[in-house]
Amino acid sequence: MTRDRLRENLRLLGLSAKEIAVYLTILDHGTVTVSRVVDESDVSQRHVYQMCEQLDERGLVVLNDHVRPSVVRAQRADSAVSSIDARLAELEADIESELADQDVADLEVELIKSGQTLAKRWRRDIDAAEAEVFICLPAAVFDRFTDALADALDRGAAVYVLVTDPGLDAFDTAALEECATLARTWAYEPQPLLTVDRERMALDDPGFLVGGGDGSAISLTRSAVTGNLFSTYLGNFWRLATEVYRCDRDPLPQSYPTLRNALVQATLYERAGVDLTATITARDMTTGEIVELASVPILEVRQGLMDPFSNEFPIENSVHVGHDGEVVTVGGVSAVIEDYEAMDIRLERAPQSE
């Protein structure tokens, strides 16, 4: 069999060009470190680990990431083909089942007992992010998710990153520039947490992602718990952590799907001495009416997202704006003490602002 024929057959089996490049490099060695695959496959470091995990799931290789450096071994030919045959034999039944049953993504609660499944679920949820991602995880496994986080950032989602021990001493914070809106580090080991768009979350045992040993994780979708846990981590761990990266100012005007995303930019502009106005679609917290606060001046920003914090209590993230001759407060989703709950916000430079 020629190399080209092998490459074509792998393509027909559904492997991507990057997966093929990584797999052929592994076949050249039989057993090889992941770092050497990076050097020889012409695939970027942030993608190689993901490719190796996907090849492992396909039964073509065995990835051993419980040692350092991580090692990947090509499966014997008969084992690899048997794995492919089994998948093809199950394909028809699986498709029928998927069409008949509820999709995994729509489940309310799921218990995950495999570290590999959990990592796959984290990436899938990050890939689905439209507005906002919060991720708290150990530095030792951060590189598994940098590509997905960078893609989310490229799509316009805000990405809040809290990197923790273990592995923090060797962590290069420069990696955060391509995959975070704001990032902090904390030399402790809280439970890893991922929340996406206030709709999805996964919370797992400390050491489960890193050690790969016994443990479990809970994945929830369409649950108010998601927003509550995010607020808890912001109000506690985030405040204790050290800020290591913040994004640059966006060009304005710009619309944001959440008030928290807009607060980051409003704070950056406020500190640069630039006055802003905002047009906010909001819910009146007294009447429940949906209103538009059009081109209102931003008078004050209260936030607990970047240093120095300007809020009066941990979960306060709001703006004070001038509206109908009064100063009113606008909070985010599930606002409690504010006058309005923002549903969408557009920031612009105020007239004559320098």
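**Salt bridges and a mixed sheet**

Arg184, Glu243, Arg246 and Asp307 are linked in a network of salt bridges.

Trainee: What kind of model is this, and how are residues numbered?

Mentor: This is a predicted model, in which local features need pLDDT of at least 70, side-chain atom pairs count only at pLDDT 80 or more, and totals for chains, interfaces and linings use all residues. Residues are numbered from 1 along each chain as its sequence is written, and side-chain values use heavy atoms, with hydrogens and water left out.

Trainee: What counts as a salt bridge, and how many salt bridges are there?

Mentor: A salt bridge is a side-chain nitrogen of Lys or Arg within 4 Å of a carboxyl oxygen of Asp or Glu. By this rule the count is 15. Glu243 meets Arg184 at 3.6 Å, N to O. Glu243 is in strand β11 and Arg184 in strand β7, 59 residues apart. Glu243 also forms a salt bridge with Arg246, with the closest N and O atoms 2.6 Å apart.

Trainee: Which of Glu243 and Arg184 is buried or exposed?

Mentor: Buried means under 20% relative accessible area, exposed over 50%, and partly exposed in between (1.4 Å probe, protein chains only). Glu243 and Arg184 are both buried. Arg246 has a relative accessible area of 28%, so Arg246 is partly exposed.

Trainee: How do I read the sheet that holds β7 and β11?

Mentor: Strands of a sheet pair through backbone hydrogen bonds, either parallel or antiparallel. Here strands are DSSP runs (E, at least two residues), as are helices (H or I, at least four), numbered from the N terminus; two strands pair if DSSP finds at least two bridges between them. In this model 8 strands form an open sheet with mixed pairing, in the order β4-β10-β9-β8-β5-β6-β7-β11. β4 (109-112) and β11 (242-246) are at the edges with a single partner strand each, so one side of each has no neighbour in the sheet.

Trainee: In what sense do β7 and β11 pair?

Mentor: Strand β7 (residues 182-186) pairs with β11 in the antiparallel sense, over 4 bridges. Thr185 stands opposite Thr242 in β11.

Trainee: Where is Leu111, and is it buried or exposed?

Mentor: Leu111 lies in strand β4. Its relative accessibility is 56%, so Leu111 counts as exposed.

Trainee: Which strands does the salt bridge between Glu341 and Arg283 link?

Mentor: The side chains of Glu341 and Arg283 meet at 2.3 Å, N to O. Glu341 is in strand β17 (residues 340-349) and Arg283 in strand β13 (residues 276-284), 58 residues apart. Glu341 is buried, at 11% relative accessibility, whereas Arg283 is partly exposed, at 30%.
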